[in-house]
Amino acid sequence: MTVHIGAEKGEIAETVLMPGDPYRARWAAETFLDNPKLVSEVRGMLGYTGTWRGNPVTIHGSGMGMPSLSIYVNELIRDFGAKTLIRIGSCGGMQETVGIRDVILAMTASSVSTPSRGIFREFNFAPSADWGLLSAAAKAAAAKETTTHIGGIYSSDVFYDERPDLNEQMTRHGILGVEMEAAELYTLALRYGCRALAVLTVSDHLLTGEALPAEDRETTFGDMVEIALQAAFPDA
Ligand code: HPA
């Protein structure tokens with residue numbers, strides 16, 4: 001047990017999928033894992049461990065935003081030995097070519113700031129995904145009907161954004177979508193020699209104002225979970 005995770009040592013798998021929403025962690029575990037067992041519920045942040053095609057997998061919520069994710073990822077890596085961490089979440093589209101329900105595989109995650117900013121000071125670190133996971137996810141995604149985009153995303157500290165000028169520059173520079181967690185996940189994974197990837201479903205669009213209807217969420221999010229599992233275990 002750690003300060004924020006109630007699991008016993010050995011109850012967390014080396015492969016961890018991380019949705020922001022704890023209820024989505026429960027849904028994904030109950031839908032995709034065999035024998036899912038609740039291993040943590042500290043502060044209502046649910047974590048389940050089960051198996052997928054015989055491989056141990058934990059699905060644990062990250063909460064919203066990089067400070068929350070940073071707490072769980074630090075403990076998962078440093079105290080529980082997690083080695084492969086895949087964010088499964090939603091994002092806002094930032095290109096005309098990116099549609100609602102599309103999947104984005106985040107090659108890099110730009111940011112204004114992350115919880116690791118204090119380490120880097122004047123240095124602009126470029127948080128990037130693990131190539132092995134990214135290429136395996138691309139292969140898994142190609143076998144699905146969902147349109148998939150691979151490229152840079154923006155990890156923001158704000159959902160209610162007040163910088164339209166900055167978003168314009170992001171779009172101008174090819175950023176595919178905005179979310180709030182991946183840059184710190186990638187930074188921590190790289191710091192501790194782990195593998196990380198963010199697989200994102202476009203749930204709303206900054207340019208068109210469209211949003212995914214609630215009833216469509218489960219099916220499109222299901223594709224994202226399957227892509228993440230197949231990326232983690234390409235031979236399973
Ligand atoms: N902004 C930030 N995070 C998000 C968004 C957004 O528009 N949509 C889904 N996650």
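A salt bridge is a side-chain nitrogen of Lys or Arg within 4 Å of a carboxyl oxygen of Asp or Glu. The exercises below concern a predicted model, in which local features need pLDDT of at least 70 and side-chain atom pairs count only at pLDDT 80 or more, while totals for chains, interfaces and linings use all residues. Residues are numbered from 1 along each chain as its sequence is written, and side-chain values use heavy atoms, with hydrogens and water left out.

**Exercise 1. Salt bridges**

Task: State how many salt bridges the structure holds, and describe the one between aspartate 130 and arginine 195.

Solution. 
- Step 1. The structure holds 6 salt bridges.
- Step 2. In one of them, the side chains of aspartate 130 and arginine 195 meet at 3.9 Å, N to O.
- Step 3. This pair links distant parts of the chain, 65 residues apart: aspartate 130 is in the loop between helix 3 (117–120) and helix 4 (131–142), and arginine 195 is in strand 9 (residues 195–205). Helices (H or I, at least four residues) and strands (E, at least two) are DSSP runs, numbered from the N terminus.
- Step 4. Aspartate 130 has a relative accessible area of 22% and is partly exposed; arginine 195, at 28%, is also counted as partly exposed. Here buried means under 20% relative accessible area, exposed over 50%, and partly exposed in between (1.4 Å probe, protein chains only).

**Exercise 2. Further charged pairs**

Task: Determine where glutamate 226 and lysine 144 lie, and identify the partner of arginine 163.

Solution. 
- Step 1. Glutamate 226 forms a salt bridge with lysine 144, and the closest N and O atoms are 2.7 Å apart.
- Step 2. Glutamate 226 lies in helix 7 (residues 217–232) and lysine 144 in the loop between helix 4 and strand 7 (148–155), so the pair ties together parts that are 82 residues apart in sequence.
- Step 3. Arginine 163 meets aspartate 165 in a salt bridge of 2.9 Å, N to O.
- Step 4. Arginine 163 is partly exposed at 42% relative accessibility, and aspartate 165 is partly exposed at 38%.

**Exercise 3. A charge without a salt bridge**

Task: Decide whether glutamate 75 is buried or exposed, and find its nearest side chain of opposite charge.

Solution. 
- Step 1. Glutamate 75 is placed in helix 2 (residues 66–78).
- Step 2. Glutamate 75 is buried yet has no salt bridge; arginine 78, the nearest side chain of opposite charge, is 8.6 Å away. Lys and Arg count as positive and Asp and Glu as negative, whereas His and the chain ends are not counted.
- Step 3. Apart from neighbours within four places in sequence, glutamate 75 is in contact (heavy atoms within 4.5 Å) with Thr2, Val3, His4, Ile5 and Phe80.

**Exercise 4. Aromatic rings**

Task: Give the number of aromatic pairs, and classify the pair of phenylalanine 159 and tyrosine 160.

Solution. 
- Step 1. A search of the whole structure finds 5 aromatic pairs.
- Step 2. Phenylalanine 159 and tyrosine 160 form an edge-to-face pair, with 5.0 Å centre to centre and 75° between the planes. Rings of Phe, Tyr and Trp (its six-membered ring) pair if their centres lie within 6.5 Å; planes under 30 degrees apart count as stacked, over 60 as edge-to-face and the rest as tilted.
- Step 3. Phenylalanine 159 and tyrosine 160 are both exposed.
- Step 4. One aromatic cluster is formed by Phe120, Phe123 and Phe125.
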